[in-house]
Structures are given as structure tokens and as C-alpha cells.
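Reader: I have a fold open on my screen and would like to learn how to read it feature by feature. Could you walk me through it?

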Amino acid sequence: MVLKLYGVAQSTCTQRVLLTLAETKAEWELVSVDFANREHKSETYLEKQPVGKVPVLDDNGFLVYESRAIARYLARKFELELMPPVTDLKGYALFEQACSIEQSYYDPNVSILVYEIIIKARRGLGPPDDGQVASRLSQLEDTLSKYDVILGKQAFLAGDSPTLADLFHLPFGVQVEQAHPDIFTKHPSVKRWWKALKARKSWTELVERPV
Ligand SMILES: N[C@@H](CCC(=O)N[C@@H](CS)C(=O)NCC(=O)O)C(=O)O
């Protein structure tokens, strides 16, 4: 049966899963959730995703939500090399370590930056909070300077091969980059890593795909 992803094509969380799907040969369809009419808060939707957020994956009646959890599920199901097997104890630990730095030190900054710079303007929620933007940019730059140390020793965040942990950076990162084009170019190893991620076929296909 065709996998169904309930989500919104423009949402970064949905894109995290669409990117993982693009790495597979799976047949899937995106079932658009109508944000404007608050479908994600409807009783029917909350039965699938009790927190009222996108995305949710429906794999023949098996429901899983949280974009990173869905991505891991797909990586296992389709045996993607983007996630080491649990039997590779050390490789798996380094993968989880990389996922954790993305979620702890990168995502909190890029998600707020995208909200302040892009989403507020799109939804008519007023001007960005300049203090918040400056603070988050500075924290993001600090994180990327640490990434540069890691990426100076290995090609990707969990080792010399790309993993989901790297790909998880793309959806928010490209939006921040639109407003701050030099954000990923200040450090040589980060620059090389970011260029490689954006050139990945799954990402270029996703970006070019009509919504
Ligand atoms: N940690 C969740 C976050 C989900 C999330 O915040 N989704 C956003 C779109 S990126 C959403 O549904 N926003 C609508 C709302 O909060 O009402 C994930 O990664 O799936």
C-alpha cells in the first residue's frame, strides 16, 4: 500500500520527511492538511496526531508522528544507509550524538529565526523581534563554529558518510540562508558540508518538485 504522509509541503517538519522519502524508492502520497482552516486541530486529525501538528505518516494503518521519528522509521524500513544499524554500537552512538546536536543547538535557533524573519511576515504577525533575531543569530553562529571543528575532522556530523542527522539541517537552514546568505559560508568545513548537503539528489528533487 502507498505510504500516506499527512502534512503541508511548505512546512519544514513535513520537508524533513519528504526529503527522507525522496531517499527511498517507496510509493507515497502527500495528503495536504488544510492549515488555513485549522484541519490539524480537528477531532479527526487529532486522532492521528494528538498534539495537532504536522506531519504524520500512515503506513497501512500504522501511524507515526514527529518528523525525526518518521525519518528514522523510513530509514529502517527501506534500509537506507543514512542510519547505522543498531548492531554497529559505536556508529549508532555517533549517529544519535549527531542527531542530538542538531536538535539541541541548531534547531532551537533556526526555528525561531525562521519564525521571526519569515513566518511573521507571511502571516501578518508584525515585524521581527530584533533582539530575538540578534540573539538567535549569534547562538547559531556559535553552533556553526563548533560544527566547523567537528567537520574539520570528518566529512559529516556522524562520521565520513552522510546520515539523517545531516539531512535534518536542510529545511530550516535554507530558509535562514535566504535572509542571511553568508551564514553557512563563514567557516570552511561548514561551507563544504553545506554545499554537499544541498547538492544531494533527494534535496534537489524536493526543491524542484511542484507543490
Ligand atoms: N517536533 C515536531 C514539530 C511539529 C511542528 O511543529 N509542526 C509544525 C509545522 S513545521 C506545525 O504543525 N505547526 C502548526 C501548529 O503548531 O499549529 C516534528 O518534528 O514533527
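Reader: Let's start with the sheet: how many strands form it, and in what order?

Author: Some ground rules before that. This is a predicted model, where local features need pLDDT of at least 70, side-chain atom pairs count only at pLDDT 80 or more, and totals for chains, interfaces and linings use all residues. Residues are numbered from 1 along each chain as its sequence is written, and side-chain values use heavy atoms, with hydrogens and water left out. In general, strands of a sheet pair through backbone hydrogen bonds, either parallel or antiparallel. Helices (H or I, at least four residues) and strands (E, at least two) are DSSP runs numbered from the N terminus, and two strands pair if DSSP finds at least two bridges between them. Here 4 strands make an open sheet in the order β2-β1-β3-β4, with mixed pairing. β2 (28–32) and β4 (62–65) are the edge strands with a single partner strand each, so one side of each has no neighbour in the sheet. On average, neighbouring strands of this sheet are turned by 20° against each other, direction ignored. For such angles, axes are lines fitted to C-alpha atoms, for helices over the stretch in contact, and angles run from 0 to 180 degrees between N-to-C directions.

Reader: How many bridges join β1 to β3, and how many join β3 to β4?

Author: Strand β1 (residues 3–7) and strand β3 (residues 56–59) are joined by 3 bridges and run antiparallel. In that pairing, Y6 sits opposite V56. β3 and β4 are joined by 4 bridges, also running antiparallel, and there D58 is opposite L63. These two strands form a hairpin with 2 residues between them, and N60 in the turn has a positive phi of about 50°.

Reader: Which strands does helix α1 lie across?

Author: α1 (residues 12–22) lies across β1 and β2, running at about 160° to β1. Contact, by the way, means heavy atoms within 4.5 Å.

Reader: Which residues of α3 are buried, and what covers them?

Author: First the cut-offs: buried means under 20% relative accessible area, exposed over 50%, and partly exposed in between (1.4 Å probe, protein chains only). In helix α3 (residues 67–77), the buried residues are S67, R68, I70, A71, R72, L74 and A75. Their cover includes β1, α1, β3, β4, α4 (89–122) and α6 (164–167).

Reader: On to electrostatics: how many salt bridges does the structure hold?

Author: Side chains of opposite charge can pair when their charged atoms come close. The criterion used here is a side-chain nitrogen of Lys or Arg within 4 Å of a carboxyl oxygen of Asp or Glu. The structure holds 11 salt bridges. One of them pairs E23 with R200 (2.7 Å, N to O). E23 lies in the loop between α1 and β2 and R200 in the loop between α8 (188–198) and α9 (201–208), so the pair ties together parts 177 residues apart in sequence. Another joins K77 and D59 (2.8 Å, N to O), linking helix α3 to strand β3. D59 is buried at 9% relative accessibility, whereas K77 is partly exposed at 40%. R16, R68, E102 and D107 are linked in a network of salt bridges.

Reader: Which side chain of opposite charge is nearest to D148, and how far away is it?

Author: For charge, Lys and Arg count as positive and Asp and Glu as negative, with His and the chain ends not counted. D148, found in helix α5 (residues 130–151), is buried yet has no salt bridge, and R192 is the nearest side chain of opposite charge, at 7.0 Å. Leaving aside neighbours within four places in sequence, D148 is in contact with H187, P188, S189 and V190.
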